[in-house]
Amino acid sequence: MRPMMSPPLLSPSPCSLLRFLRLCHAPRRRNPTAAPPTPYTFRRRPLLLLPVAMSSSASITAPNSVVADPSALARKVAAIRAAGPSKLQVIADFDGTLTRYWYDGARGQSSHGLLRQGNEEYDAKREALYEHYHPIEICPDIPLPEKAKLMEEWWEKTHGLLIEGGLTYEAIKKSVSDAAIAFRDGVVELFEYLEERDIPVLVFSAGLADIIEEVFRQKLHRSFKNIKVVSNRMVFNEEGRLVAFKGKTIHVLNKNEHALDMAAPVHDSLGDPNGSIDDYSLVKKRTNVLLLGDHIGDLGMSDGLNYENRIAVGFLNANIEKSLKDYSKAFDIVYLNDAPMRGVVELVSELCP
Ligand SMILES: [Mg+2]
């Protein structure tokens, strides 16, 4: 394992690939004259915090990206590029992947966390559920099947409270408008580049589709015809009040393409009012995958696909020194320090020039 200091051993298109590798490696520094905000202190930590195997060839500045196996990545880039854009799809997590981890010097909000029902009693009840179930979610000692049951229980209770507490679409709009949430720089360029090439993007989330779509509307001020949000979707009555959820609950532990199988029939056109129902089968035929996530569990988003090549890009937002080793094993490229999306834009321009 090493940071992306060395060129790949062999590549069918060495010039462009080298350019890509250089771009991925190039440290992207913030304005050196600006004082770092308090929560960012890890940005300036020396590379001593990285695993020893990574520190030998990059001892002066911490890189913003790490590639454990450049030659394997080079082979995948070459294979996906050779197959062309019609074979590629992008599957992206939402919170902490498309959105920034930090916002104005503090933790950004998630699509779940930003929601205020306009009913304090019910906001408090959902918070109490969080206090009860979140420790279970992160407890490594609970067997997965048992934990999955409990997660489903948590999600369903939360959804029940949202209905019972009379959530309105207006409250969602206001919550998003007040929220501390922002997309990473470069997300719009990425979506535009993919849209121009008709490459579909599945935004796959255990959160709430209606909120994610409202975040798209309010924070990007435009829509993309190639983006489908696959997440828990609400049903509102004529007064704009939540009355039900569609389909099977997608929670943190069943968030994979099997969930997509279950959800697709009820997620009209995969959630995009402009999409066509054929999109689903088209997605299945796209056998090269660019996966974007911020948790190792996000790799499961491509589980149900028989993909030929997958490049997994991980955003390691917190606990960098503890998690980098595992992340760099799991993901082909790991971006550190709440990096912008520009490295992924460069990668996509190599995959589909
Ligand atoms: Mg996430």
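Arginine 233 has lysine 246, in strand E7, as its bridge partner. This pairing belongs to a predicted model. Strand E6 (residues 227–236) and strand E7 (residues 242–246) run antiparallel and are joined by four bridges.

**The E6–E7 hairpin**
- Five residues lie between the two strands of this hairpin.
- Glycine 240 takes a positive phi near 80° there.

- Val187, Leu190, Phe191 and Leu194 are buried in helix H7 (residues 187–196).
- These residues sit on the same side of H7, because they cover an arc of only 95° around the axis.
- An α-helix has 3.6 residues a turn, so residues three or four places apart point the same way.
- Strand E2 (88–92), strand E5 (201–208), E6 and helix H12 (342–351) pack against the buried residues of H7.

**Helix H4**
- Helix H4 (residues 120–138) has 19 residues.
- From first C-alpha to last, H4 reaches 27 Å, close to the 27 Å expected at 1.5 Å a residue.
- H4 has a kink of about 30° at histidine 132, shortly before proline 135.
- H4 is hardly covered, and its count of buried residues is zero.

**The nonpolar core**
- The largest nonpolar core has 68 residues.
- Val203, Ile212, Leu290, Val313 and Val334 have the most contacts inside this core.
- Beyond its neighbours within four places in sequence, valine 334 is in contact with Ser65, Val66, Gly314, Leu316, Leu324, Tyr327 and Ser328.
- In soluble globular proteins, nonpolar side chains tend to be buried together.

Methods:
Residues are numbered from 1 along each chain as its sequence is written. This is a predicted model: local features need pLDDT of at least 70, side-chain atom pairs count only at pLDDT 80 or more; totals for chains, interfaces and linings use all residues. A nonpolar core is a set of buried Ala, Val, Leu, Ile, Met, Phe, Trp, Tyr and Cys residues joined through C-beta atoms within 7 Å. A residue is buried if 20 or more other C-beta atoms lie within 10 Å of its own, exposed if 12 or fewer, and partly exposed in between; C-beta atoms are placed from the backbone. Two residues are in contact if their C-beta atoms, placed from the backbone, lie within 7 Å. The expected span of a helix is 1.5 Å times one less than its number of residues. The bend at a residue is the angle between axes fitted to the seven residues ending there and the seven starting there. Two strands pair if DSSP finds at least two bridges between them. The arc is that of the directions from the helix axis to the C-beta atoms.
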